[in-house]
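User: I am new to this structure. Please take a close look at one chain and walk me through its parts.

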Amino acid sequence: MAVEALGVGAVVSNRPRPDGRWVWVLPPLLLIAVLVVYPLVLVAVESAPAWGEVIASTEFRSALLRTVQIAVSSTAGCLVVGTFLAVVISFVPFPGARIVAGLVDTMLALPSFLVALSFTFIYGSTGILRAGGFLTSPWAVVLAEVTFYTPFVMRPLLAAMSRLPRAQLDVAASLGAGPWRVLRQVVLPEVRPALLAGGSLTLLLTLNEFGIVLFLGAKGTTTLPMLVHTKGIVMFDYPGACVIAVVQIALSLGLYAVLRMALGGRRARLD
Amino acid sequence: MLVWTKPGKAIVWLAFAVVFGLLVVAPFVVVIAAAFAGSWNGVLPSDPTADHLRQALSGDELASLSVSLQTAFLGGLLAVVFGSWGALSAADTRFKRLADAMHHLPIAVPSVVVGLGLLVAFSRQPLLLNGTKWIVVIAHLVLMVAFSYGTVSAALERIDPSYAEVAASLGASPARVLWRVRLPMLLPAIASAAGLSVALSMGEVGATIMVYPASWRTLPVSIFALTDRGQAFVAAAEAVVLLATTVVLVLILDRLRGRAAER
């Protein structure tokens with residue numbers, strides 16, 4: 001801050017430095033190239049002989065469909081639940097709301113399979129609810145993913161809502177708008193970028209989710225990441241696993257690129 | 001602010017408690033309760049016992065805890081070093097976009113695919129690592145480096161660059177600027193990257209299950225093996241061990257971060 005007072009703050013900032021310091025960026029990039037890029041290229045090469053066979057199999061097609069179905073349902077669920085919880089914490093605060101928000105932050109770092117493990121006790125054949133067939137249905141995966149990924153939607157929402165001036169809500173209410181109208185016309189338009197960011201991240205993560213599906217272990221709910229594991233580790237069919245991996249990479253990276261473009265453009269406009 | 005009447009608020013809070021309690025909190029409470037239950041055949045667990053926990057802290061399961069801790073520290077430490085290095089060296093250069101994209105790759109791709117890639121690449125010459133613990137450490141390093149890079153990069157964007165520039169204009173060498181100005185200012189971010197890396201590494205399952213050798217089985221893999229054999233209660237106890245260890249580690253790193261922020 002003292003530096004800014006001297007007036008030298010904005011003179012030289014954020015412009016690419018002309019000197020040779022960029023060579024320092026090579027070792028970390030080399031590390032990623034050897035440990036990530038090279039293996040992924042090999043996966044693509046290895047997959048070559050198995051494409052026709054895998055693409056034609058019903059196993060692959062149903063897994064692809066199931067993966068997208070589960071990811072889209074889970075993301076929709078997370079958006080609904082996450083928005084509700086974030087709105088209550090931000091705008092109908094109760095004693096302890098801050099602690100709850102902190103809890104949400106902590107949950108982001110916990111492993112997802114814990115949720116699946118708990119479902120064994122809640123919905124299992126001898127558990128609390130004894131909901132027999134539910135545990136082996138795709139809906140168990142969706143419910144587990146909604147549980148685990150809701151905090152990922154809540155976090156950007158809570159941040160955006162804390163920046164929203166309270167006076168705006170009060171003015172809208174004093175002019176006679178009911179809670180629904182305030183929510184729809186004042187709050188939601190303001191937090192839409194955060195909703196979009198949280199939702200797209202959740203969609204990416206649910207497409208890639210493995211731990212929950214593995215632990216629930218339902219025969220009927222094979223997703224693409226699960227199929228990569230089954231083919232690669234259980235059946236030792238490396239080329240087959242590689243084909244599915246390439247499809248999954250295309251799906252994830254394609255989505256990621258689209259989202260980054262959409263979000264990047266929006267951020268530029270906001271700035 | 002949004003709901004003004006007392007009954008209205010009560011209804012909203014009740015709905016919040018039900019949704020948050022059942023959906024978000026219940027799973028974690030259930031796992032902890034199951035860890036200490038002898039049996040669970042009704043609404044509530046019964047026959048409280050510490051046997052499962054004792055089992056989870058002996059023999060093979062204890063070895064898994066040690067394996068997980070070593071992997072998290074080794075992989076996490078290397079990830080923080082390389083992630084911070086990458087973020088610092090790429091900032092303000094024309095390689096920034098390339099570095100961003102390359103570091104995002106391991107997060108955007110499913111962890112199972114990262115594991116498969118390592119398996120395919122390191123089961124052959126020139127780097128034959130399959131069957132050793134190093135392939136597990138590398139898998140963790142690769143996944144956590146992405147998070148470390150992201151955390152430190154974000155912090156760098158918030159930090160006022162003029163401090164480093166003033167130091168340089170006063171004649172400090174680049175190494176001195178890095179060591180005495182830029183790194184100390186980044187220390188809180190680096191500590192929180194370390195906390196995140198360790199926590200995520202302790203719970204990593206997707207890449208690990210693809211590459212682990214029998215001699216290097218991490219906690220989550222052990223927990224899965226237990227549930228697969230139908231020993232759900234011991235699995236729950238071991239999950240509690242995992243949770244407790246992670247929380248303790250993160251709290252320690254969080255205190256370090258607090259101390260770094262004070263300076």
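This is a predicted model: local features need pLDDT of at least 70, side-chain atom pairs count only at pLDDT 80 or more; totals for chains, interfaces and linings use all residues.

**Chain B, domain by domain**

Where they touch, domain 1 of chain B supplies five residues and domain 2 of chain B supplies five residues. On the domain 1 side, helix α1 (residues 6-35) of chain B gives the most, with four residues. By class, that side has five nonpolar, no polar and no charged residues.

Next, the record. UniProt, in an unreviewed entry, places "transmembrane region" at residues 12-37, 72-91, 103-122, 134-156, 186-212 and 232-253 of chain B. Take two of these spans. Residues 12-37 of chain B are 92% helix and 4% strand, and the end C-alpha atoms lie 34 Å apart. Residues 72-91 of chain B are 95% helix and 0% strand, with end C-alpha atoms 27 Å apart.

Now a helix pair. Helix α4 (residues 96-108) of chain B packs on helix α6 (residues 133-158) of chain B at about 125 degrees, and their axes are 8 Å apart. The crossing of α4(B) past α6(B) is left-handed. From α4(B), the contact uses B:His103, B:His104, B:Pro106 and B:Ile107. From α6(B) come B:Val142, B:Leu143, B:Val145, B:Ala146 and B:Tyr149. By class, this contact of α4(B) with α6(B) has seven nonpolar, two polar and no charged residues.

Terms used:
Residues are numbered from 1 along each chain as its sequence is written. Chains are lettered from A and ligands numbered from 1 in the order in which they are written. UniProt positions are given in the numbering used here, feature names are shortened, and annotations may be inferred rather than shown by experiment. Helices (H or I, at least four residues) and strands (E, at least two) are DSSP runs, numbered from the N terminus. Axes are lines fitted to C-alpha atoms, for helices over the stretch in contact, and angles run from 0 to 180 degrees between N-to-C directions. A crossing is left-handed if the near helix is turned anticlockwise from the far one by less than a right angle, and right-handed if clockwise. Two residues are in contact if their C-beta atoms, placed from the backbone, lie within 7 Å. Ala, Val, Leu, Ile, Met, Phe, Trp, Tyr, Cys and Pro count as nonpolar, Asp, Glu, Lys and Arg as charged, and the others, Gly among them, as polar.
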